[in-house]
Amino acid sequence: MSSEIKVTVNGTARAVPAGIRVREALEGAAGRDVIAARVNGKLYDLNRSLIEDATIEPVAAESAEGIDIIRHSTAHLMAQAVQTLFPGTQVTIGPTIEDGFFYDFAPPTPLTVEDLPRIEQKMRELAKADLKVERVEVPRAEAIETFDRMGEHYKVEILKGIPEDRVSLYKQGDWMDLCRGPHVPSTRYIRAFKLTSVAGAYWRGDEHNAMLSRVYGTAFASKEALEEHLRMLELARTRDHRKVGREMGLFLFDPIAPGQPFYLPKGLVIFNQLVDYMRRLYRRYGFDEVITPQIYKNELWHSSGHWDNFRENMFLSPDPEAHDSAVDRDAEGWRHGYGVKPMNCPGHTFVYRAEKRSYRDLPLRFAEFSRLHRAERSGVLHGLTRARVMSQDDAHIFCTEAQIEDEVASNLTMVREVYATLGFDRVEFKLATMPDQHMGTEEQWRMTEEKLASAMRRNEIAFELNPKEGAFYGPKIEIYVPDALKRRWQLATIQLDYNMPERFDLTYTTSASGEARPVMIHRAILGSLERFIGVLIEHTGGVMPLWLAPEQVRVLSLSEKVEDYAGELAALLKRHGFRATADIRNEKLGFKVREAELAKVPYMVVVGEREAAARQVSLRLLRGSKGQTLELAGLIEMLNAEPIPA
RNA sequence: GCCGAUGUAGCUCAACGGUAGAGCAACUGAUUUGUAAUCAGUAGGUUGCGAGUUCGAUUCUCGCCAUCGGCUCCA
């Protein structure tokens, strides 16, 4: 090894002594905001020594990589604080996540939220102490011995699973952790963080393993960025659909029916408007709507595979006519009993089989909005976004192999149209490919995956791969939508299914008078109406476009004298097809305006004696302009001009 | 289901080992109102449910139910 190496920074190469630290090698390029560096493409600590020629790029704290490093270092800082405060606590893993980090601990007694302020305080002390973060490489066997001596059994288990002979340890003060790195040069670089919650989490995500205490937190390069993030979280809290739904009188939940919403009149307006919208699209895109039974004999679920794969999530009932309706679900009474459908697909195969199908009939597109019930485990319920009953804008397309691409392409066009209409302007697509457990040959899979990819390319859709995440019966396109609060939701999916047609022995007559098996495409665009409405409420904060607004116009009367005029106006608006009400209560205008604003009524129409005399209205828009005076015809015209998607 | 927390009036919250209180909402009355809360009064609770400890439980303990934050699963 020569005693000099060549480093290239910002395109300028120079010779430096071997063993120089990255920070020194960067020289002037390392400003105060640089926390790490990319060395020959790999992330390095600033404190790490260089032993060979290198091209070095500084990594700024604010960059995506920089923030990730800060979060990881903050997780370490937190672990150090926790182990200092709670002796006997073992550390496990502490990765960064989408907008923060967590660390799983095995403490003598579970951590609680009350512990967070103390932990944060200790973290601040440790950060202030400006502990140098040092990387040490040791043989794996030595690391195992070290952690074993420390009583860190989880770390030992992790180490045993690492293939490399040498591993890196990070030390700060008297604390040490196994870590790939890189990290900030010293704890002083960690200045903007907040611990957000504690939760139980299983070791390695397996419920058979020990329950650990997971502490979530977040960290940013600057206090300002942290505060911005906390503001977003606060906004998310105020927009929580469970809260907004109650305030706006859209739906309610009651312990008498866990996980199932009671749609109140106003909430059902939104539901029905969405369904109507999809029905209009179905006419244009060639879908036929059907309604299939809600409750089937369990023979169906045996055929479809749901009995084996989905039974835990189904509401089952013994045969009410059986003499012995045993409570044991494996007993005969249950096997020959009934199950409430959790999906529409098996039912649709019967619609397909209603006639002998020919290639000329295909593609057949059956849509259904029926309610589906799934016995979700109690701990996962979450308002409308995770319910036990839902209606999907579900459809199953039966087509030939050759038609797959066209059908998928057409549905992708529909997906984009729907999301653009509903105000989700960014949509992300992923292609989930063959999982390890799958039916059919690898060759078939590659071919059909290519069809899905090609359909996306035809729509000029850029997509990522989601390797091995397809269903066992076919690949799928996963569609993600980020909402106004920067959270990603998966609502829509398009899935190919070779399994269901097989199980129900579906066939069609080919042009050569032969028999062939159709392919089934499962697809939903809004996904479940319930979840979609929940997401829509949080996306919009409850402020709906006119066509979705439960109450579109509210006429606010100024005094008893114009009560009749207000009532007449509301009636007129209703005749024109609008959802209008009149607020003729004995209250001041300011009070009525406030209530209409809180109810998020898009159009407020104020009438006093002036307006009544001239047969006009004074218009106020939700969170917008006020005081515009209009003739009645002008008002109707204005309302009619609002877009209603077709 | 598992871990942690919570459950008091329709809603938001207070109280506390000694017969539960406020604001908003509701109802009644006064006020007749000009673009985000007019005033006064009335009514409203087996403190989630069930046990236990105690002279006495909303308060302490246990079980159940539900909810919240996660795990897991998924639309």
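Let me start with one pair: arginine 284 and glutamate 417 form a salt bridge, and their closest N and O atoms are 2.5 Å apart. By salt bridge I mean a side-chain nitrogen of Lys or Arg within 4 Å of a carboxyl oxygen of Asp or Glu. Arginine 284 sits in helix H8 (residues 265-285) and glutamate 417 in helix H13 (residues 404-421), so the pair ties together parts that are 133 residues apart in sequence. Helices here are DSSP runs of H or I with at least four residues, strands are runs of E with at least two, and both are numbered from the N terminus.

Before going on, the conventions. This is a predicted model, in which local features need pLDDT of at least 70 and side-chain atom pairs count only at pLDDT 80 or more, while totals for chains, interfaces and linings use all residues. Residues are numbered from 1 along each chain as its sequence is written, chains are lettered from A and ligands numbered from 1 in the order in which they are written, and side-chain values use heavy atoms, with hydrogens and water left out.

Chain A has 20 helices and 34 strands. Its C-alpha atoms fill a box of roughly 90 × 75 × 55 Å along the principal axes. Of its 646 residues, 52% count as buried. Buried means under 20% relative accessible area, exposed means over 50%, and partly exposed is in between, with a 1.4 Å probe and protein chains only.

Back to the salt bridges; the structure holds 41 of them. In the opening pair, arginine 284 is partly exposed at 49% relative accessibility, and glutamate 417 is partly exposed at 23%. A second bridge joins aspartate 436 to lysine 468, with the closest N and O atoms 3.2 Å apart. Aspartate 436 is in the loop between strand S23 (428-432) and helix H14 (442-458), and lysine 468 in the loop between strand S24 (463-466) and strand S25 (476-482), so this pair ties together parts 32 residues apart in sequence. Aspartate 436 is exposed, at 61%, whereas lysine 468 is partly exposed, at 48%.

Tyrosine 202 places a polar side-chain atom 3.0 Å from a base nitrogen of RNA strand B. For histidine 382, the distance is 3.1 Å, to a phosphate oxygen. For arginine 531, it is 3.1 Å, to a sugar or linking oxygen.

Which element gives the largest share of the surface near RNA strand B? Helix H18 does, with 7 residues. H18 spans 589-598, and other elements supplying at least two residues include strand S12 (192-202) and helix H19 (609-614). By class, this surface has 17 nonpolar, 15 polar and 19 charged residues. Here Ala, Val, Leu, Ile, Met, Phe, Trp, Tyr, Cys and Pro count as nonpolar, Asp, Glu, Lys and Arg as charged, and the others, Gly among them, as polar.

Last, lysine 588, in the loop between strand S31 (580-583) and H18. Lysine 588 counts as exposed, at 69% relative accessibility.

Notes:
Polar contact = N/O pair within 3.5 Å; in protein donor to acceptor, adjacent residues only side chain to side chain.
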